[in-house]
Amino acid sequence: MAEPTSAVSDRQGPDDRSATGAAGATGTSATTAGGPDRDADAGLVLHQVAKTLGGRLIVDNLDLRVRRGELVCLLGPSGCGKTTTLRMIGGFLRPDAGQVLIGGRGYTTTPPERRPTAMVFQNYALWPHMNVFKNVAFGLRLRKLPKAEIAERVERTLALVNLTHHIRSFPAQISGGEQQRVALARALVLEPEVLLLDEPLSNLDAKLRVKVREDIKEIQQRVGITTVFVTHDQDEALSISDRIAVMNAGRIEQYAGAHDLYREPRTRFVADFVGTMNFFEGQVRAAPAGGTGDAGAVVEVGDVVVPCHAPSALAEQPGLVGVRPEDVRVGHPGGVPARVVREVPRGHFTEFVLDLGPLTLRAFVGADTPVGQETVPVTFGRALVYADGKLRSELPGGRAEG
Ligand SMILES: Nc1ncnc2c1ncn2[C@@H]1O[C@H](COP(=O)(O)OP(=O)(O)OP(=O)(O)O)[C@@H](O)[C@H]1O
């Protein structure tokens, strides 16, 4: 097990003193054109970080800036390079190129134990023969801190994660969620500048995962610690992050808050990966005068013409159109008739599967929408238009998207 790391006391990171290893690891000032952001207010900066493993480029010139105290999720499908990126931040892997800065200091080539970072692993990596106190105290003992200080810091941290009552328990005597909180305490007790979490909830059942992720968020906010959290679970990322970096094939496709990521996915990949999206080939045009009520545009899919209130762009040619299920509006006047294929009650909303001739759509509608009808009128609230995999957001006359 790698031991989490100690804080570095002077303003310079070790990279600034010993220029070895990764390309460009040293001496770049904040004012250098194209250089990294050395702003000490940036909790963590990755600048053009790259890594090849087994002859494959796994992380591809990645840039990331995490503000002090911010919780950022690296979200992406299996194999996209999330863990590799996290391991480079923690010092367990050395980048082939690029720079890692923490609090404005360079740490690109610094070993894990000399970085102001601490990692929480997927499998907790607790020592089974040590009780909770000893597990949490382990890193402080290695640092040979005085006994009284160790006891004080361990007790304070266990109180923070609400585990004081288990201080003498062994890992096998506590639940999975509690074990995860011990792992968190073991990282936090070192008072790192950056906390790294690698799929920390994947060993927990679904209900407990929700509870523990809320605990982690609450503790992270209370401590105000800069945090990078790796997950492939979009629900987890959307619910706890200040910002989310969506990764695909070693690159960040989009870096934004949960709301923007969901409402304004900049690429087809993000639109598809985050949430549910109806995608189809269609043409988005200005509405013919007087034809579609108050909708300013229409989406044409074959012979079907659906009124649309807020398209991201109008296009002369058919292209890829994306409509979120909650933007498929059911029961509005002026809509085109759609056959109801299926209605699935989902508690606070109902999922409709709708047949519009050339198109099958999913719609999420309020639980108060009448059910049991054969056909329903359909309009679109918002439609996103993608060209070459990228969101088109220009509208004629500079009209902003509604
Ligand atoms: N030491 C290695 N040698 C060769 N290939 C590796 C090595 N470590 C990782 N890889 C490959 O790099 C790719 C990215 O791995 P990484 O663990 O970063 O992905 P990830 O996004 O965290 O995925 P997951 O969600 O499945 O953990 C994978 O295809 C993996 O097989």
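## The nonpolar core

A nonpolar core is a set of buried Ala, Val, Leu, Ile, Met, Phe, Trp, Tyr and Cys residues joined through C-beta atoms within 7 Å. In this predicted model, the largest such core has 93 residues. V228 and V246 have the most contacts inside this core. Strand β19 gives the most to the core, with seven residues. Domain 1 (14-266) and domain 2 (276-398) both contribute residues, so the core lies between them. In soluble globular proteins, nonpolar side chains tend to be buried together.

What does V246 touch, apart from residues up to four places away in sequence? V246 touches L75, G76, I252, E253, Q254, L261, V270, F273 and V274.

## The chain as a whole

The secondary structure comes to nine helices and 20 strands. The chain has 402 residues, and 41% of them are buried. Among contacts with a separation of 6 or more, 69% are between residues 24 or more positions apart.

The chain is divided into two parts, domain 1 (14-266) and domain 2 (276-398). Taken over C-alpha atoms, the centres of domain 1 and domain 2 are 41 Å apart. An unreviewed UniProt entry places the feature "domain: ABC transporter" at residues 44-274. The span 44-274 is 36% helix and 27% strand, and its end C-alpha atoms lie 25 Å apart.

## The shell around the ligand

Which residues surround the ligand? They are L53, G54, I58, G76, S78, G79, C80, G81, K82, T83, T84 and H232. By class, the shell has three nonpolar, eight polar and one charged residues.

Helix α2 (residues 82-90) gives the most to the shell, with three residues. G76 belongs to the shell and is also one of the residues that V246 touches.

## Helix α3

Helix α3 covers residues 132-142. Its buried residues are V132, N135, V136, A137, F138, G139 and L140. These buried residues pack against two other helices, α4 (147-160) and α5 (176-188). After α3 comes K144, whose phi is positive, near 60°.

Is P377 itself buried, exposed or partly exposed? A residue counts as buried if 20 or more other C-beta atoms lie within 10 Å of its own, and as exposed if 12 or fewer do. P377 has 17 other C-beta atoms within 10 Å, so P377 is partly exposed. Leaving out residues up to four places away in sequence, P377 touches G331, H332, G335, V336 and P337. The C-alpha atoms of P377 and H309 are separated by 15 Å, and these residues are 68 residues apart along the chain.

V336, one of the residues touched by P377, lies in strand β16 (residues 336-345). V336 is partly exposed because 19 other C-beta atoms lie within 10 Å. Apart from neighbours within four places in sequence, V336 is in contact with V304, V305, V306, L356, P377 and V378. L356 is 20 residues from V336 along the chain, and the C-alpha atoms of the two are separated by 8.3 Å.

Notes: Residues numbered from 1 in each chain as written. Predicted model: local features only at pLDDT ≥ 70, side-chain atom pairs only at ≥ 80, totals over all residues. Contact = placed C-beta atoms within 7 Å. Domains from an automatic or database assignment. UniProt positions renumbered as here; feature names shortened; annotations may be inferred. Helix = DSSP H or I, 4+ residues; strand = E, 2+ residues; numbered from the N terminus. Near = placed C-beta within 6 Å. Nonpolar A, V, L, I, M, F, W, Y, C, P; charged D, E, K, R; others polar.
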